[in-house]
Amino acid sequence: MESLANLESFVRSAESGSFSAAARRLALTPAAVSRNVAMLERNIGARLFQRSTRKLTLTEAGERFLQAIGGNLDALQAAIAAAATDSGEPAGVLKISMAPTFGLEYVLPLLPAFLQRHPLIRPDWRFENRPVDLVAEGYDAAIGGGFALSPGVVSRPLAPAHLVAVASPAYMAGRALPVSPDDLGALSGIAMRSARSGRLHQWTMRDTDGSEVPARLSHTITVNDPAALREAALLGLGVALVAMPDVLTCLERGQLMRLLPGWHADAGTISLYYATRALMPAKTRVFVDFLVEAFERERFAQRFSAAQA
């Protein structure tokens with residue numbers, strides 16, 4: 001009987017057209033993926049790929065083989081993951097993507113309790129400021145906002161993604177407090193540049209009555225990382241529009257002050273994204289349940305909301 005590793009290496013290589021891309025998804029080396037495919041070819045007695053220095057191309061036999069097994073591989077993997085061990089304990093590598101500032105502050109501290117409950121799970125957590133492709137990159141789940149809901153991917157809302165205007169008490173000392181988003185232009189602004197598009201983020205703020213006014217920050221300083229945005233504000237360099245989760249602790253400690261307390265910008269929702277399968281792997285299911293439970297227990301949705309003054 002052919003090994004699952006060989007079959008998976010073949011299917012992922014066929015999907016991506018590259019041993020290297022398949023290796024990244026499978027957390028293997030390209031050489032290991034190539035060996036697995038070569039072993040599969042020897043075992044079934046047929047060449048499955050035409051190899052060149054630039055890409056892989058399926059042979060006619062490879063096309064037929066992919067059609068025969070491709071649709072069943074995910075179901076087989078899910079069944080194996082669900083079984084995990086004889087005791088039914090969830091196990092395996094759990095590959096999760098999350099934003100660095102949010103993940104380090106709110107998700108990583110949950111890891112000891114999670115591992116105590118599920119000791120056979122091996123976390124492979126990636127802290128990155130980008131929306132990943134869950135299916136193509138082999139992630140079990142991702143936490144954040146702005147992810148495309150491609151076929152087979154669902155989102156579970158966790159909390160609102162609200163941005164607030166903040167500055168350090170030292171910076172605001174001797175300065176008049178703004179009463180409207182229009183007043184922000186008179187202060188030094190710390191702007192955020194998108195790491196993907198290179199454009200400066202532009203936000204519209206709304207108050208509790210539903211009125212909307214563009215936040216006209218001056219661009220005295222520009223950064224492209226949320227943590228840098230917060231740190232620049234802490235250094236007293238000016239006013240920044242920052243996501244509530246990134247500055248909540250600083251606000252509670254008095255290190256930053258919220259300007260325009262009746263106003264906020266709405267950046268959507270912080271959600272948990274994962275691929276839907278007829279049989280979700282046990283490791284993913286228990287992580288989803290654990291994270292939702294933790295967010296409810298810590299009241300993060302309420303604490304991250306800036307909709308009230």
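Let me start with a term: a residue is buried at under 20% relative accessible area, exposed at over 50%, and partly exposed in between, using a 1.4 Å probe and protein chains only. Take Leu 115. At 27% relative accessibility, Leu 115 counts as partly exposed.

Now the ground rules. This is a predicted model, so local features need pLDDT of at least 70 and side-chain atom pairs count only at pLDDT 80 or more, while totals for chains, interfaces and linings use all residues. Residues are numbered from 1 along each chain as its sequence is written, and side-chain values use heavy atoms, with hydrogens and water left out.

Back to Leu 115. Where does Leu 115 sit? Its place is in helix α6, residues 111-117. Helices here are DSSP runs of H or I with at least four residues, strands are runs of E with at least two, and both are numbered from the N terminus. What does Leu 115 contact, leaving aside neighbours within four places in sequence? The partners are Ile 121 and Pro 123. Contact means heavy atoms within 4.5 Å.

Next, helix α1. The expected span of a helix is 1.5 Å times one less than its number of residues. Helix α1 has 13 residues, 4-16, so it should span 18 Å; its end C-alpha atoms are 18 Å apart, which agrees. Its buried residues are Asn 6, Leu 7, Glu 8, Ser 9, Phe 10, Val 11, Arg 12, Ser 13 and Ala 14. After α1 comes Gly 17, with a positive phi near 75°.

Let's look at positive phi elsewhere. Most residues other than glycine have a negative phi. Leu 260 is not a glycine, yet its phi is positive, about 50°. Leu 260 lies in the loop between β12 (257-259) and β13 (263-275). Is Leu 260 buried or exposed? Leu 260 is buried, with a relative accessible area of 3%. Arg 299 also has a positive phi, near 55°. Arg 299 lies in the loop between α11 and α12. With a relative accessible area of 46%, Arg 299 is partly exposed.

On to the rings. Rings of Phe, Tyr and Trp (its six-membered ring) pair if their centres lie within 6.5 Å; planes under 30 degrees apart are stacked, over 60 edge-to-face, and the rest tilted. How many aromatic pairs are there by this rule? The count is 13. One of them is Tyr 106 with Phe 300. That pair is edge-to-face, 5.2 Å centre to centre, with 75° between the planes. Tyr 106 is in helix α5 (residues 100-107) and Phe 300 in helix α12 (residues 300-303), so the pair ties together parts 194 residues apart in sequence. Both Tyr 106 and Phe 300 are buried.

Another pair is Phe 114 with Phe 290, also edge-to-face: 5.2 Å between centres and 65° between planes. Phe 114 lies in α6 and Phe 290 in helix α11 (residues 282-298), so this pair ties together parts 176 residues apart in sequence. Phe 114 is buried, at 1% relative accessibility. Phe 290 is buried too, at 6%. There is also one aromatic cluster formed by Phe 102, Tyr 106, Phe 295, Phe 300 and Phe 304.

Now the core. A nonpolar core is a set of buried Ala, Val, Leu, Ile, Met, Phe, Trp, Tyr and Cys residues joined through side-chain atoms within 4.5 Å. The largest has 45 residues. Which of them touch the most other members? They are Ile 143, Leu 272, Phe 287, Leu 291 and Phe 304. Helix α11 gives the most to this core, with eight residues. A second, separate core has 17 residues, including Leu 163, Met 172, Val 213 and Ala 265.

Last, the strands. Two strands pair if DSSP finds at least two bridges between them. Five of the seven residues of strand β3 (residues 92-98) are buried, so β3 is largely enclosed by the rest of the structure. β3 pairs with strand β4 (residues 121-127) in the parallel sense, over seven bridges. Three bridges join β3 to strand β5 (residues 141-144), and these two run parallel. Find Met 98 on your screen. Met 98 stands opposite Phe 127 in β4 and opposite Ile 143 in β5.
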